[in-house]
Amino acid sequence: MSRRADPSSVPDLVERARAGEARAVARLISLVEDESPLLREVMAALAPHTGHAQVIGITGSPGVGKSTSTNALVTELRKQDKRVGVLAVDPSSPFSGGALLGDRVRMQDHALDRDVYIRSMASRGHLGGLSWTTPQALRVLDAAGCDVILIETVGVGQSEVEIAGLADTTMVLLAPGMGDGIQAAKAGILEIGDLYVVNKADRDGADQVRRDLRSMLQLAERPEGAWRPPIVKTVAQKGEGLDEVVAEIEHHREWLTASGELARRRTRRARDEIEAIAVTALRKRWGDVHGRSELDDLAAAVAAGDADPYAAADELVDTFAD
């Protein structure tokens, strides 16, 4: 009699996730968020199955309608029979450390759709509008067969630019009546956007926001052949303008592929991911640095003027390298 596979084993979880089982996908992402000892095994098992999904970042100031726009964009993508994953990064609960907004009530239209996977992730104090585990969660959804993965950032204003390093296409949302033109310039959003969406376009001032944004974008220096970010008006709550958004996203993907920028962006993404993992490992190794007598001795020497801080730091690094 043959033994049945352990349903909690990594190979079995990966196989079930690739077959589209939502519970297996959820379990794999939980292993990522919990920094499980199995994480290395998980990433090794997923690696051959990644690199196919189109990754779209959605960012903007609080109140511009990111969740509503994400929901409407999922609807539009499903019309094209795309399998969609959503990573909605939420502020962290100060009590549990978990995602404060849970599963995003506005996206429950797709809760019963087997080809849509929605996951809220806690930022856990990480700046940049993302969770530090977002790149690994992205790999899980990619390997699970998602055609498109939407990453919605926290929406904390001026620290949102990190999404540009993770997404193939970064979509920046603005809305009339929120001072978004100035806010965009302050946040560096004019440098990261591949597509700008003026949401709530049925409100007064939407055309002015579009004109101001176009004027600011024209001031930015762009080399010959560079992508020129389009500006689209939407009313996400009514599903208006989302077909144009999807068309512009596809247009951008075609440009990324033809120009070679898609490969460059994904290589940068992998480089940043490797660096982050390595730095985290080094920090853990250095976690007890304050408890070491060598640091106290070096600090005393620097304070007394017998050594300079750079020489002391080099000596400390050499001590840990041994």
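Helices α2 and α3 are oblique to each other, because their axes cross at roughly 130 degrees and oblique covers the angles left over once under 35 degrees counts as roughly parallel, over 145 as roughly antiparallel and 65 to 115 as roughly perpendicular. Welcome to a short tour of this predicted model, in which local features need pLDDT of at least 70, side-chain atom pairs count only at pLDDT 80 or more, and totals for chains, interfaces and linings use all residues. Residues are numbered from 1 along each chain as its sequence is written, and side-chain values use heavy atoms, with hydrogens and water left out. Helices (H or I, at least four residues) and strands (E, at least two) are DSSP runs, numbered from the N terminus.

**Helix α2 with helix α3**

- The axes of α2 and α3 (residues 39-46) come within 9 Å; axes here are lines fitted to C-alpha atoms, for helices over the stretch in contact, and angles run from 0 to 180 degrees between N-to-C directions.
- This crossing of α2 and α3 is left-handed, meaning that the near helix is turned anticlockwise from the far one by less than a right angle, while clockwise would be right-handed.
- From α2 come Leu-28, Leu-31 and Val-32, and from α3 come Leu-39, Val-42, Met-43 and Leu-46, where contact means heavy atoms within 4.5 Å.
- The contact of α2 with α3 has seven nonpolar, no polar and no charged residues; Ala, Val, Leu, Ile, Met, Phe, Trp, Tyr, Cys and Pro count as nonpolar, Asp, Glu, Lys and Arg as charged, and the others, Gly among them, as polar.

**Helix α1 with helix α2**

- Helix α1 (residues 10-18) packs on α2 (residues 22-33) at an angle of about 130 degrees, with the axes 8 Å apart.
- That angle makes α1 oblique to α2, and the crossing of the two is left-handed.
- On the α1 side, Leu-13, Val-14, Arg-16 and Ala-17 meet Ala-24, Val-25, Arg-27, Leu-28 and Leu-31 of α2.
- By class, the residues of the contact of α1 with α2 divide into seven nonpolar, no polar and two charged.

**Strand β1 and its neighbours**

- Strand β1 (residues 54-60) is mostly covered, with seven of its seven residues buried; buried means under 20% relative accessible area, exposed over 50%, and partly exposed in between (1.4 Å probe, protein chains only).
- Gln-54, Ile-56, Ile-58 and Gly-60 point one way from β1, while Val-55, Gly-57 and Thr-59 point the other way.
- Five bridges join β1 to the parallel strand β4 (residues 148-152), and Ile-56 stands opposite Leu-150 in β4; two strands pair if DSSP finds at least two bridges between them.
- β1 also pairs with β5 in the parallel sense, over five bridges.
- In that pairing, Gly-57 has Thr-170 as its bridge partner, and Ile-58 has Met-171.

- Four bridges join β5 to strand β6 (residues 195-198), and the two run parallel.
- Met-171 has Leu-195 as its bridge partner in β6.

**His-110**

- His-110 sits in the loop between β2 (84-90) and β3 (116-122), and His-110 counts as buried because its relative accessibility is 7%.
- Leaving aside residues up to four places away in sequence, His-110 touches Asn-71, Val-74, Thr-75, Val-116 and Ile-118.
- His-110 and Asn-71 are 39 residues apart along the chain, and their C-alpha atoms are separated by 8.1 Å.
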